[in-house]
Amino acid sequence: TEPRRLALRGDLLDFIHAPPPDAALDAPPPGVRWRPDHWLLIEDGRIVAVQAEAPDARWPRDERPGRLLLPGFIDTHVHAPQLDVIASYGTELLDWLNRYTFPAEKAWADPAVAAAGSARFLDQLLAHGTTAALVFPTVHKGSVDALFTAAEARGMRLITGKCLMDRHAPEGLRDTVAEAERDSLELIQRWHGRGRNAYAHTVRFAPTSSEAQLDLAGALLAAHPSSYLQTHVAENRAEVDWVRQLFPTARSYLGVYERHGLLGPRSTLAHGIWLDDNDRAALRATGSVIAHSPTSNLFLGSGLFDWRGRAAEGVRLSIASDVGGGVSLSLQRTLAAAYQVAALQGQRLDAFTLLHAATAGNADSLQLGHEIGRLEPGCVADVCCWRWADAGSVLDHRLGRADSLHERLFAWLMLGDERLLEAVWVAGTQST
Ligand code: GUN
Ligand code: ZN
């Protein structure tokens, strides 16, 4: 049978690797692939060629002159049930969890709520140009079925797994070690490696799991080498103090995870603001990833994460919205916040570094660089078409005064958002 073909034409931007930290920005630095007016040839959902010449008549064409074609964004830490509590007023992490978040998550015990919420959540990710994500659902097994089912229906690359929490959470949001083991094994069996779905052992954070449950998570991760682990670490000072009280013999908050075997190259830990030198050495030695969530860190008053400092130390990093602690699913808004958090610490994150992080960098952080995050043959065709600006807008005006690609992209990140998204292809199929 004939392969399913599509040729997309536009201005292609993607990243081979992260640009060097001190690169000159007057021309695209090493690692940046800027291919204006090129064709992306897609066959059966995968990119098979990128070329300047128009393809032959076998290729149906979709031409987007003057538009930016970027790899679909990847969000490495986001909570599906928290769209219900995004932008809730007035509290820091621990109070925010009790007052807003836990009540919202309880509702997902109902499979109908979880199904509707998962569909809404994934539709919103796509509407923000995000085609792949590492997602927190709730403690309920049905929340994982709902998310994977909805992801499969949209062809999206999704990594999630039932939240493990057997203490310090309200009634209706707790499991037990035995239930957690049974549900996790059943869900791994059903979903892990099916289509584009992968399973992540999801320890909410150290305070909500017993030592026995942390042991279970470590055993599950070890027994399933292609699965992932996700959790939170050292986000907020009161949280760090609480962990010290709950685990008096642990070297540190990160040390709790370390001694239960939860660190490694397939582990993504959100935040990591309040870590010491030993913690950073452990992250480096194990290849664990810190997911920087700048809009969340600002909104919840958690602290300022030092991206340049951690990168220079060789800690693996990714970028994430952390909605609903974060206040936008937009990776543009997230990257703009990352710039500002760096600026508050006397650091600079250029537009190439930021866009690399949201695409190839995040793909590599999940060990999926061969599949997503780049526009190159062999990758799945998760592609977004973006307008530079709406006519007559402030961004439009500013772009008229920009004379390098970097200046344009930087303004686009600082001033743009999901309203500039024109089309999304997931595995080569147009979804919006
Ligand atoms: N720590 C434990 N749970 C959460 C959560 O839902 N959001 C954030 N930002 N931090 C957490
Ligand atoms: Zn989070």
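**From domains to single residues**

Tutor: Begin with the division into domains: the assignment for the protein chain gives domain 1 (5–71 + 373–430) and domain 2 (73–329). Keep in mind that this is a predicted model.

Student: How far apart are the centres of domain 1 and domain 2?

Tutor: Taken over C-alpha atoms, the two centres are separated by 30 Å. As for the boundary, 10 residues of domain 1 are in contact with 12 residues of domain 2. On the side of domain 1 that touches domain 2, strand S15 (residues 421–426) supplies the largest share, three residues. By class, that side of domain 1 has six nonpolar, two polar and two charged residues.

Student: How many helices and strands does the protein chain have?

Tutor: There are 14 helices and 16 strands. The radius of gyration is 21 Å, close to the 22 Å that the globule rule gives for 432 residues, so the chain is as compact as a globular protein of that length. Along the principal axes, the C-alpha atoms fill a box of roughly 65 × 55 × 40 Å.

Student: What share of the residues of the protein chain count as buried?

Tutor: Of the 432 residues, 53% count as buried. Contacts can also be sorted by separation in sequence. Among those between residues at least 6 apart, 74% join residues at least 24 apart.

Student: Now a single helix. How do I read one?

Tutor: The general idea is that an α-helix has 3.6 residues a turn, so residues three or four places apart point the same way. Helix H5 (residues 211–223) has 13 residues, which at 1.5 Å a residue should span 18 Å; the end C-alpha atoms of H5 are 18 Å apart, which agrees.

Student: Which residues of H5 are buried?

Tutor: They are Gln 213, Leu 214, Leu 216, Ala 217, Gly 218, Leu 220 and Leu 221. The buried residues of H5 pack against strand S8 (163–164), helix H4 (177–191), strand S9 (197–203) and strand S10 (228–233).

Student: And for helix H3, how many of its 14 residues are buried?

Tutor: In H3, 10 of the 14 residues are buried, so this helix is largely enclosed by the rest of the structure. Among them are Lys 141 and Asp 145, along with Val 144, Leu 147 and Phe 148. The packing partners of the buried residues of H3 are helix H2 (111–127), strand S6 (130–136), strand S7 (157–160), H4 and S9. From first C-alpha to last, H3 (residues 141–154) reaches 21 Å, close to the 20 Å expected at 1.5 Å a residue. Just after H3, Gly 155 takes a positive phi of about 75°.

Student: Which residues are joined by a cis peptide bond?

Tutor: Val 323 and Gly 324 are joined by one, with omega about 5°. Gly 324 is in the loop between strand S13 (316–319) and helix H11 (331–343).

Student: Which residues surround ligand 1?

Tutor: Read a ligand site by listing the shell, then sorting it by class and by element. The shell consists of His 79, Leu 93, Leu 97, Thr 101, Arg 204, Phe 205, His 232, Glu 235, Ser 296, Asp 322 and Gly 325. By class, the shell has three nonpolar, five polar and three charged residues. Helix H1 (residues 93–106) gives the largest share of the shell, three residues.

Student: One last residue. What does Arg 280 touch?

Tutor: Arg 280 is in helix H8 (residues 277–286). Leaving out residues up to four places away in sequence, Arg 280 touches Leu 275, Glu 313 and Val 315. With 18 C-beta neighbours inside 10 Å, Arg 280 counts as partly exposed.

Key: Residues numbered from 1 in each chain as written. Chains lettered and ligands numbered in written order. Predicted model: local features only at pLDDT ≥ 70, side-chain atom pairs only at ≥ 80, totals over all residues. Near = placed C-beta within 6 Å. Helix = DSSP H or I, 4+ residues; strand = E, 2+ residues; numbered from the N terminus. Nonpolar A, V, L, I, M, F, W, Y, C, P; charged D, E, K, R; others polar. Expected span 1.5 Å × (residues − 1). Buried ≥ 20, exposed ≤ 12 C-beta atoms within 10 Å, placed from the backbone. Contact = placed C-beta atoms within 7 Å. Rg over C-alpha atoms; globule rule 2.2 N^0.38 Å. Domains from an automatic or database assignment.
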